Amino acid sequence: MKKSADKWKISYAGYNPAKEKLRETLCGLGNGYLGIRACSPEHTASFHHYPGIYISGLYNRLKTSINGKTIVNEDMVNCPNCLFMTFKIGDGDWFTPGSNELINFHQELDMKTGLLTRELVFQDADGKKTSVKVLRAASMANPHLLAMKYSITPQNYNDKITVRTMLDGRTRNMGVDRYKSLNSQHWKIKDLGALETKGAYLFASTSSTKVNLFEISKTKIFRDEKEILTQNNVFIRDEKAVIKDISFSAKKRNTYHAEKIVFIYASKTADTENPTKLAQDALKNNPRFDICFENSKKAWESLWQKADMEIKGDVCAQKLLRLHTFHILQTASPHTAKIDAAIPARGLYGEAYRGHIFWDEIFVMPFYDSHFPDITKTTVLYRYNRLKTARAAAKKAGYKGAMFPWQSASSGSEETQIIHLNPLSGKWGDDHSHLQRHISFAIAYNLWRHFQQTYDLDFLISYSAEVLLSIAQFVASLAVYDKKDGRYHTHNLMGPDEFHEKLPDSKTFGLTDNAYSNFIIVWILLAAKESISLLPQADRKRIFKKIGLKDADFPLWQDITEKMNIIFNEDEIISQFDGYFKLKEVDYKKYRRKYKNIHRMDRILKAEGKSPDDYKIAKQADVLMIFYLFNIEEAREIFSRLGYEIDKELLAKNYEYYVKRTTHGSTLSKLVHCSIAHQAGKGDIAQKWFKDVLKSDFHDTQGGTTPEGVHIGVMGGSLNIVLQCFAGIAIKNDEMVIAPSLPKKWKQLEFNLSYRGREMRALITKHDINLQIIRQKDDHRPFKVRIEDTHYFPFCGENLTVPLATARQNDRTTE
């Protein structure tokens, strides 16, 4: 990467084929409806390049026979490549970077405007030098619009130039090596061809889910802002691609702009059966690239006004936090609120996890709650619309209420694979990760935190309460009372760790008394009871009747919240699950010497014929997730209800114990450890974790996973660390607490925040806090802020400045 002082830009100097797939992901563009990888337009899929276009919520199901089993996978589908473009000089070869002598190459992503720029100069075998500049944008103003401006300048020759553009329906899902043995041909091309208005169209349908898709493009050549005369030739290849060659006479030192405007539509209805008419309607205004880009730029400006966190004193952190914000907004934007979709764990520019929705939203939702609460509503509605399926799943498994799937896609059915490929051994093994029932816990957590942040009673009454209460029914049915110890226990569950599927030598999969699960079950039941108290009588009666909830159920809920079992040892270490302390230790030094990278110790152990179930080892934080989601005060209240006493010293002990036994095989792990280290007063260690968190995707620290898609959870979580740890924002009962603890290098932190109908601007330095309420809805509820144990009641338009006590601030400042 080329170093740049511009805090809004990511720049690369030089063409490096080995790094191209990583750059294609990091520089990907999107608008919440669709996402596109930053593959150079001249390339089709190859070892070093992978063009990809994905639409949020667009999935297809295919069957594959593996090891005598029929595997059904539902994938987020790679759409036909509509951005292909290249050119040739005279009768020469078609240009691709790397096929000629590159004299100069520069690529730049402007996160502020959503513009990707690629500039290069090359020389062919005849000594002809050509400058190429490519601008690309995925419109944030119109979610169906993609625009590209491909500029060609002959530097030392006059000759015919032919531009080739294509809508390529031959695309398959081939972006993840370990999935390549699975069927990947998702599209059936229904129609394609040319339009009289210099355009082309492609109409396709997914093979099983029957989603219709159509792409319409128009390409024109301009010089000096005037369209030039060209010769056009259109032909079809393999009945799946429509290709258009546009030829013109080029003169030395003149620049020619090939502008390609594309509209993409996807629908599950029959309104895509006449693509020609829709193409003409979409392109009738003959939009130019510059106009399309300016409209998108304005939309981005509006988003950044709400979302940007401005840091003084740390250029690297500023740039990478903006990169994370950029990708989060491209994965789910205000456009997402108009469709039935949620947030895929790996964003909209890759095929890892098959584009499924996991629990990663639990790390992202605080950002949306604080800046774009309506987008959070979209994710709640995605679950609400699949409640019927979740109830059926719970009933089938022998539980009550609603049990959501660990991996979800279009229907809300369980999409977790039943077998998994170990790339180290090359063998397929059974996969039991569907036992991670904590996905339902995460959904309940997200929607209740959303309510606490927004106090949107209408949405709670109409949607959230039914989801929350259905999950509460489910978690209550997980708890089993044991008369011997007078405690409630849970069985056959997996925690966030993922390495442990069962106890050694057990024939039953799942674990007993996972501490994280048991703790959050109690919290969910308490939140559910509070939500009931807020429901009007008529709505309470309606929801109760719909989901089969009765007042007679509440004594059991109350009993569970007072008698749930959580295991501690004599050193005050919380047991990850019953039997954990009996497991064997791992010689980490030995494995690091042998394998260097031991993030995925589960794969290493299985490849050696061993099982991670036998060892005290974790992929990511499990017990510590309790203290990531709940600060020490919240956690103490629940533990105290259960008869256990905890304090900050216990938190520190558990951090030290589990960090030594965690391999961080998930990017989420370092995120959680950063938060816990900060809470435990280990400021210098927290800062090291935070640097690792920021670099997770940018440096592809998981060793090849980022080219398959960004990690949305760690990106959202990094912003949450800034708000909750460094700015010290917390919602407690009916007040907002601000207890800042800026990193030593940071001089100032400034950001916008949405809280209960109020839009506010906060500016935090080492010396004071300035808070201004910019606007608020008509709401007469008092707004209470607590800063250093003093309460304030700011009103709209007021500039509230609170000096920070020097001694207190010095205690909080992290290294």
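**Helix, sheets and hairpins**

Author: Helix H5 (residues 361-371) lies across S20 and strand S27 (748-755), and it runs at about 75° to S27. This is a predicted model.

Reader: Which strands make up the sheet that has S20 in it, and in what order?

Author: The order is S20-S27-S28-S29-S32, an open sheet of five strands with antiparallel pairing. Strand S20 (309-312) and strand S32 (799-803) stand at the edges with a single partner strand each, so one side of each has no neighbour in the sheet. On average, neighbouring strands of this sheet are turned by 15° against each other, direction ignored.

Reader: Which residues of S20 are on the covered face, and which on the uncovered one?

Author: Met309 and Ile311 are on the covered face of S20, while Glu310 and Lys312 are on the uncovered one. In a regular strand, side chains alternate between the two faces of the sheet.

Reader: What is the bridge partner of Glu310 in S27?

Author: Glu750 is the bridge partner of Glu310. S20 and S27 pair in the antiparallel sense, over four bridges.

Reader: And how many bridges are there between S28 and S29?

Author: Seven bridges, again in the antiparallel sense, join strand S28 (residues 758-765) and strand S29 (residues 768-776). Glu759 has Arg775 of S29 opposite.

Reader: Where is Gln305?

Author: Gln305 is in helix H3 (residues 289-307). Not counting residues up to four places away in sequence, Gln305 touches Asn752 and Arg761. The C-alpha atoms of Gln305 and His371 are separated by 9.9 Å, and these two residues are 66 apart along the chain.

Reader: Switching to the other sheet, the one with S25. What is the strand order there?

Author: The order is S25-S26-S30-S31, in an open sheet of four strands with mixed pairing. The edge strands are strand S25 (729-732) and strand S31 (790-792), and each pairs on one side only. From one strand to the next, the twist averages 30°.

Reader: How do S30 and S31 pair?

Author: Strand S30 (residues 784-787) and S31 pair in the antiparallel sense, over three bridges. Ile787 has Thr790 in S31 as its bridge partner.

Reader: Arg786, then. Buried or exposed?

Author: Arg786 is buried, because its relative accessible area is 18% and the cut-off for buried is under 20%. Arg786 belongs to strand S30. Leaving aside neighbours within four places in sequence, the contacts of Arg786 are Lys732, Glu735, Met736, Val737, Ile738 and His791.

Reader: Now helices. At what angle do H10 and H12 pack?

Author: Helix H10 (residues 515-534) and helix H12 (residues 554-563) pack at an angle of about 140°, and their axes are 9 Å apart. Why call them oblique? Angles over 145 degrees would count as roughly antiparallel, and H10 and H12 are therefore oblique to each other. The crossing of the two helices is left-handed.

Reader: Which residues make that contact?

Author: From H10 they are Ile521, Val522, Leu525, Leu526, Ala528, Lys529 and Ile532, and from H12 they are Phe554, Trp557, Gln558, Ile560 and Thr561.

Reader: Which residues of H12 are buried?

Author: Phe554, Trp557, Asp559, Ile560 and Thr561 are buried in H12. The buried residues of H12 pack against helix H9 (457-478), strand S24 (487-489), H10, helix H11 (537-547) and helix H16 (632-641).

Reader: What about the hairpin of S8 and S9: which residue takes a positive phi?

Author: Gly114 does, with a phi near 75°, and this hairpin has four residues between the strands. The hairpin of S9 and S10 has five residues between the strands, and there Gly127 takes a positive phi near 85°.

Reader: And where is Ser139?

Author: Ser139 is in the loop between strand S10 (129-138) and strand S11 (145-154). Ser139 is buried, with a relative accessible area of 3%. A polar atom of the side chain of Ser139 lies 3.0 Å from the backbone nitrogen of Ala141.

Note on methods: Residues numbered from 1 in each chain as written. Predicted model: local features only at pLDDT ≥ 70, side-chain atom pairs only at ≥ 80, totals over all residues. Heavy atoms only, no water. Buried < 20%, exposed > 50% of the residue type's maximum accessible area, 1.4 Å probe, protein only. Polar contact = N/O pair within 3.5 Å; in protein donor to acceptor, adjacent residues only side chain to side chain. Contact = heavy atoms within 4.5 Å. Pairing = 2+ DSSP bridges. Axes fitted to C-alpha atoms, helices over the stretch in contact; angles between N-to-C directions. Parallel < 35°, antiparallel > 145°, perpendicular 65-115°, else oblique. Left-handed = near helix turned anticlockwise from the far one by under 90°.
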